[in-house]
Amino acid sequence: MDYSKIKIPNHVGIILDGNGRWAQERGLTRSEGHQEGFNNLMKLTEHVFKTGVKVLSVYAFSTENFKRSKEEVDFLMNLFENKFAEYAKDLKEKNIRLVFSGGRGKPVKKKIIDIINKCEEITKECTNGIMNICFNYGSHLELVEAFKKMHTDIDNHKFSIDDVNEDMLYHYMFQDLPPIDFLIRTSGELRLSNFMLYQASYAELYFPKTYFPSFDAKEFDKALLEYTSRDRRFGGINYETKNN
Ligand code: IPE
Ligand code: IPE
Ligand code: MG
């Protein structure tokens, strides 16, 4: 694709959905769907950054996903435990920083928390882009934690309540990242499921029917074409393109 004619969003969010249905359609187990989803994520990440996107946030496991069967949760936790370090190594070679958003306590195993901290440590100097994996993530949890941290800083006289503003809230999120410009949810579901509610307030939304394991570079380019066609107004009016 000729990327010079394409508008490239600075921060892309992807809600990785449909692993289970992808597997079911092929007579495979849900676990096999998750495995394939993760393999796809590794391939897709490389492509996304090649297009010029600077920040990619992916929703990999929500705070609510712990409601699933023990078998499914255990499989996913093992997958993350085995894959995150390899993923970090891969990203480091591409000079991409890897960060994680989400709770870093129970019910996540300490071993996984240690791996996450290490992944962040080894890629912290990378400058080509930021890959943000939302793991044990929920927007409600993030906002509650943000308000608690802010309250503590106010108590410690770092600033006063009157100094609080909209931009400041970003610094209190799990990661201090810019707003999401383009939010994709695969699999055809039309909801946000507790993903980045503050950061996505002006994101362009896109809901392809494709299940995540099949959402490849070609599908991502199609999404970029769609983004390019959108008129982002942020509450204003583009008088140049209006003739009445
Ligand atoms: C997304 O796929 C991955 C996670 C939520 C961990 P799903 O597991 O939700 O797949 P479907 O929605 O059941 O097809
Ligand atoms: C959202 O997908 C969470 C992730 C993709 C990690 P779900 O499949 O859990 O969402 P619901 O239950 O359909 O809303
Ligand atoms: Mg789902």
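Colleague: Okay, how many aromatic pairs does the structure hold?

Modeller: There are 19 aromatic pairs in this predicted structure. Take Phe 84 and Phe 135, for instance: that pair is edge-to-face, with 5.7 Å centre to centre and 85° between the planes.

Colleague: And where in the chain do Phe 84 and Phe 135 sit?

Modeller: Phe 84 is in helix H3, residues 70-93, while Phe 135 is in strand E4, residues 129-137. They are 51 residues apart, and the pair links these distant parts of the chain.

Colleague: Is Phe 84 buried or exposed?

Modeller: Buried, because its relative accessible area is 0%, and buried means under 20%. Phe 135 comes out at 2%, so Phe 135 is buried too.

Colleague: Which parts does the pair of Tyr 170 and Tyr 198 tie together?

Modeller: Tyr 170 lies in helix H6 (residues 166-171), and Tyr 198 lies in the loop between strand E5 (182-185) and strand E6 (204-206). The pair therefore ties together parts that are 28 residues apart in sequence.

Colleague: How do Tyr 170 and Tyr 198 count for accessibility?

Modeller: Tyr 170 has 14% relative accessibility, so it counts as buried. Tyr 198 has 23%, which means it counts as partly exposed.

Colleague: Changing topic: what does the charged end of Lys 7 sit over?

Modeller: The ring of Tyr 227, at 5.6 Å from the ring's centre.

Colleague: Now the ligand. Which residues are around ligand 2?

Modeller: Among them are Ile 15, Leu 16, Asp 17, Tyr 59, Asn 65 and Arg 191.

Colleague: What about polar side-chain atoms by the ligand's oxygen atoms?

Modeller: Arg 185 has a polar side-chain atom 3.3 Å from an oxygen atom of ligand 2. For Arg 68, a side-chain N or O atom is 3.2 Å from a ligand oxygen, and for Ser 193 that distance is 2.6 Å.

Colleague: Last one: how much of ligand 2 does the protein cover?

Modeller: On its own, ligand 2 has 390 Å² of accessible area, and the protein covers 78% of that.

Technical notes:
Residues are numbered from 1 along each chain as its sequence is written. Chains are lettered from A and ligands numbered from 1 in the order in which they are written. This is a predicted model: local features need pLDDT of at least 70, side-chain atom pairs count only at pLDDT 80 or more; totals for chains, interfaces and linings use all residues. Side-chain values use heavy atoms; hydrogens and water are left out. Rings of Phe, Tyr and Trp (its six-membered ring) pair if their centres lie within 6.5 Å; planes under 30 degrees apart count as stacked, over 60 as edge-to-face and the rest as tilted. Helices (H or I, at least four residues) and strands (E, at least two) are DSSP runs, numbered from the N terminus. Buried means under 20% relative accessible area, exposed over 50%, partly exposed in between (1.4 Å probe, protein chains only). A charge sits over a ring if NZ of Lys or CZ of Arg is within 6 Å of the ring centre and within 35 degrees of the ring normal. A residue is near a molecule or strand if one of its heavy atoms lies within 4 Å of it. A polar contact is a pair of N or O atoms within 3.5 Å; within protein, one must be able to donate a hydrogen and the other to accept it, and residues adjacent in sequence count only if both atoms are side-chain atoms. Accessible areas come from the Shrake-Rupley method with a 1.4 Å probe; for residues, only the protein chains shown count as cover.
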